[in-house]
Amino acid sequence: MRFPLDEFIWPGKEGQFGAVRKHDIHTGIDLYCQPGEEVYAIEPGVVVKYNWFTGEKAEPPSPWWYNTSALAIKGKSGVIVYGEMVAFEETYRVGTSIREGQLIGRVEQVLKEDKGKVPSTSMLHLELYKEYE
């Protein structure tokens, strides 16, 4: 397995799995980093979905954040969702095979303002599911 980022800060309370937030309960883990940080596939798999993840274009909309995307890759561990990023064109098509360690995209800035609660306004959001719609 390859870790998805080279440079990051472990999440504080706000970015941990299960954290209670204003609008929901956090379903993943946030790895704080700089905008543009390269994202690598944790394990080999096949792309099962690419969609808007945050912002006005997401469903449901979250206009308090910038528009970011999510790439879902199904592999031996289940479906890993890489959120709050933008995937490269060659990796976001459903059915595309992905290699472990393959560069799949870059982290995008998600927070519109720095509220001082988290170490950065950009992060890679990771989720793991058995199946993903």
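Q: What joins strand 4 to strand 5?
A: A hairpin does, through 2 residues. Strands here are DSSP runs of E, at least two residues, numbered from the N terminus. This is a predicted model: local features need pLDDT of at least 70, side-chain atom pairs count only at pLDDT 80 or more, and totals for chains, interfaces and linings use all residues. Residues are numbered from 1 along each chain as its sequence is written, and side-chain values use heavy atoms, with hydrogens and water left out.

Q: OK. How many bridges join strand 4 to strand 5?
A: There are 7, and the two strands run antiparallel. Strands pair if DSSP finds at least two bridges between them. One partner pair is G75 with G78 in strand 5.

Q: And which sense does strand 3 take with strand 4?
A: Antiparallel, over 8 bridges. There, V47 has I73 of strand 4 as its bridge partner.

Q: Why is strand 4 largely enclosed?
A: Because 7 of its 8 residues, in the run 68-75, are buried. Buried means under 20% relative accessible area, exposed over 50%, and partly exposed in between (1.4 Å probe, protein chains only).

Q: Switching topic. How many residues are in the largest nonpolar core?
A: It has 18. Such a core is a set of buried Ala, Val, Leu, Ile, Met, Phe, Trp, Tyr and Cys residues joined through side-chain atoms within 4.5 Å. V39, Y82, I104 and L124 have the most contacts inside this core.

Q: Which strand gives the most to this core?
A: Strand 5, with 4 residues.

Q: What does L124 touch?
A: Its contacts (heavy atoms within 4.5 Å) include P4, I29, V39, Y82 and V107, not counting residues up to four places away in sequence.

Q: Where is T91 found?
A: T91 is in the loop between strand 5 and strand 6.

Q: Buried or exposed, that T91?
A: Buried, because its relative accessibility is 0%. Beyond neighbours within four places in sequence, T91 contacts V47, L71 and I104, among others.

Q: Last topic. How many salt bridges are there?
A: The structure holds 4. Each is a side-chain nitrogen of Lys or Arg within 4 Å of a carboxyl oxygen of Asp or Glu.

Q: Which residue meets K74?
A: E131 does, at 3.1 Å, N to O. The pair links distant parts of the chain, 57 residues apart: K74 is in strand 4, E131 in the segment after strand 8.

Q: How exposed are they?
A: K74 is partly exposed at 34%. E131 is exposed, at 55%.
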